[in-house]
Amino acid sequence: MDYIKLAQKYNDRVVELRRDIHMHPELSLEEFRTAELVAKELRALGMEVKTGVGKTGVVGLLRGAKEGRTIALRADMDALPIQEENDLPFKSVYPGKMHACGHDVHTAVLLGAAMALTEIKDQLNGTVKFIFQPAEENAPNGGAKQMITEGVLEDPKVDAIVGLHILPFVKSGVISLKKGELLASADQFEIRITGRGCHAASPHLGVDAVTVGAHLVTTLQSVVSRMTDPMEPAVLNVG
């Protein structure tokens with residue numbers, strides 16, 4: 001079996017789906033149209049489909065010809081609250097919403113994988129579970145956690161799970177791999193500074209929140225340079 005040719009067979013449809021999803025971006029836990037599109041495509045392939053997992057998540061099940069392990073393939077579906085400024089025929093039709101992180105590609109690629117694997121399901125040992133996750137941008141309390149709580153990794157139990165992320169410096173047609181960690185796990189923090197107003201001529205009577213904030217942002221940069229093992233990659237941003 002030439003798997004490259006098999007994948008290329010569905011290339012045009014994947015591009016079409018990606019552009020459709022890109023035109024209609026939906027924010028975390030609002031992926032109703034996207035989920036409906038995904039479910040429709042999976043049902044057309046004859047899969048067992050569950051919707052509403054983690055509110056807007058979709059799961060498709062492809063059973064191979066013989067018994068075996070269960071491998072899950074996962075993609076995220078949500079967009080970001082960003083105004084798209086590209087001039088493309090398939091740019092976002094929703095003001096203030098955009099697929100700026102590639103989740104439109106992830107969803108379309110996983111649908112393409114579903115099409116290709118369905119064609120050769122008689123050669124598969126085991127089961128493939130296709131997980132379309134909502135609310136990735138709400139991590140760490142987003143869609144993945146909720147889908148797991150609702151049993152997405154059970155019935156059948158998942159033995160391994162595979163995901164991918166597109167990157168602007170990896171050209172189309174190339175898969176980049178490495179041993180160990182590859183992408184970061186993100187945490188968010190919020191700091192509130194409370195100042196006290198005063199007249200500009202009497203700064204000693206107030207608490208200048210701007211000065212405090214400036215010192216704080218500058219000092220935080222030393223967390224990575226002076227408090228983190230230089231052999232361990234770390235990024236700290238104040239946005």
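# A guided tour of a predicted model

Begin with the charged side chains: the protein has 26 positive and 31 negative ones, and the centres of the two sets lie 3 Å apart. Lys and Arg count as positive and Asp and Glu as negative, with His and the chain ends not counted; each charge is placed at NZ of Lys, CZ of Arg, CG of Asp or CD of Glu. This is a predicted model, in which local features need pLDDT of at least 70 and side-chain atom pairs count only at pLDDT 80 or more, while totals for chains, interfaces and linings use all residues. Residues are numbered from 1 along each chain as its sequence is written, and side-chain values use heavy atoms, leaving out hydrogens and water.

**Whole chain.** Helices (H or I, at least four residues) and strands (E, at least two) are DSSP runs, numbered from the N terminus. Along the principal axes, the C-alpha atoms fill a box of roughly 80 × 40 × 35 Å. Buried residues (under 20% relative accessible area, 1.4 Å probe, protein chains only) make up 33% of the 239 residues.

**Helix H3.** Select residues 32-44. The 13 residues of H3 should span 18 Å at 1.5 Å a residue, and the end C-alpha atoms are 18 Å apart, which agrees; the expected span is 1.5 Å times one less than the number of residues. Next, colour the buried residues of H3: Thr-34, Ala-35, Leu-37, Val-38, Ala-39, Glu-41 and Leu-42. These buried residues pack against helix H2 (11-23), strands E1 (48-53) and E2 (57-63), helix H4 (103-119) and strand E4 (125-133). After H3 comes Gly-46, with a positive phi near 85°.

**Helix H4.** Move on to Asp-104, which is in helix H4. At 1% relative accessibility, Asp-104 counts as buried. Contact means heavy atoms within 4.5 Å; leaving aside neighbours within four places in sequence, Asp-104 is in contact with Arg-18, Ile-21, His-22 and His-99.

Finally, select Thr-107, also found in helix H4. Thr-107 is buried, with a relative accessible area of 0%. Not counting residues up to four places away in sequence, Thr-107 touches Ile-21, Thr-34, Val-38, Ala-75, Asp-76, Met-77 and Phe-132. Two of these partners, Thr-34 and Val-38, are among the buried residues of H3.

Methods. Buried means under 20% relative accessible area, exposed over 50%, partly exposed in between (1.4 Å probe, protein chains only).
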